[in-house]
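We'll go from confidence to the sheets and then to a helix.

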Amino acid sequence: MSAAREEILARVRAALADRPSVSSPKHASSSAATGDLAAWFAERASEYTARVHRCEHADVATVLAEILVRHAARRVAVPGDLPVVWRPSGVDIVDDPATAAELDGLDGVITGSALAIAETGTIALDAGVGQGRRALTLVPDLHVCVVEAERIVGTVPEGVELLGRSVVERRAPLTLISGPSATSDIELSRVEGVHGPRRLEIVIVG
């Protein structure tokens with residue numbers, strides 16, 4: 001290290017010597033402490049203004065139908081391989097529309113997920129079974145995503161390790177979702193829906 005650089009660093013250390021140390025803030029979570037990953041994930045996802053529901057496997061279609069009714073969503077897209085037992089009644093189901101224009105004309109989309117990360121409230125899609133292609137979840141204004149409780153991991157490194165296998169084995173495209181789409185302009189005015197759905201509903205199953 002050069003003498004000039006050492007002198008500068010010494011001055012910085014001296015100037016900061018009387019400042020109190022700052023510890024990293026910790027977000028307390030009773031669910032994290034008890035190891036309830038589904039509840040921990042639900043807490044974090046709710047902080048992003050996503051709505052979170054919990055149900056058993058037998059009730060998925062009913063819960064999805066209730067969500068769609070609340071949003072007045074009558075025509076929704078689904079991946080062609082979405083489990084039959086998840087498909088709600090009372091709505092027009094469109095299997096994987098071909099074009100962005102067709103997608104844009106629908107009221108929402110229902111998909112599954114690869115996994116979810118409790119620590120950050122993040123859903124991960126890797127174009128696996130029940131998830132469809134990336135455009136399917138980026139164009140419609142409403143995304144209703146089913147997360148299976150056994151696929152919720154605690155931390156980001158755990159999620160990355162599992163997703164890495166999909167990338168290596170089948171070059172899977174990854175989509176990470178932490179709440180509805182939102183951005184800010186230069187004046188910090190929040191705008192929703194620019195890069196994806198403005199509304200996100202999550203159904204944790206099991």
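pLDDT is the predictor's own confidence in each residue, on a scale from 0 to 100. Contact, in what follows, means heavy atoms within 4.5 Å. With that in hand, look at residues 22-28: pLDDT stays under 50 there, and the model has 2 contacts beyond four places in sequence for this stretch. Where pLDDT is low, the predicted coordinates should not be read in detail. The chain as a whole has a mean pLDDT of 86, with 83% of its residues at 70 or more. Strand 8 has the highest confidence, at 98, while strand 11 (residues 190-192) has the lowest, at a mean of 55.

Some ground rules. This is a predicted model, so local features need pLDDT of at least 70 and side-chain atom pairs count only at pLDDT 80 or more, while totals for chains, interfaces and linings use all residues. Residues are numbered from 1 along each chain as its sequence is written, and side-chain values use heavy atoms, leaving out hydrogens and water.

Now the sheets. Helices (H or I, at least four residues) and strands (E, at least two) are DSSP runs numbered from the N terminus, and two strands pair if DSSP finds at least two bridges between them.

Another open sheet is built from 4 strands in the order 8-5-6-9, and here the pairing is mixed. Strand 8 (152-153) and strand 9 (175-177) each have a single partner strand, so one side of each is left without a neighbour in the sheet. Strand 5 (residues 115-117) and strand 6 (residues 122-125) are antiparallel over 3 bridges, with Ile117 opposite Thr122 in strand 6. Helix 7 (residues 156-170) packs on this sheet and touches strands 5, 6, 8 and 9; its direction makes about 160° with that of strand 5. Such angles run from 0 to 180 degrees between N-to-C directions, with axes fitted to C-alpha atoms, for helices over the stretch in contact.

Last, helix 1 (residues 3-16), where Leu16 lies. Glu7 forms a salt bridge (a side-chain nitrogen of Lys or Arg within 4 Å of a carboxyl oxygen of Asp or Glu) with Arg11, the closest N and O atoms being 2.6 Å apart. Because Glu7 and Arg11 are 4 residues apart in helix 1, about one helical turn separates them.
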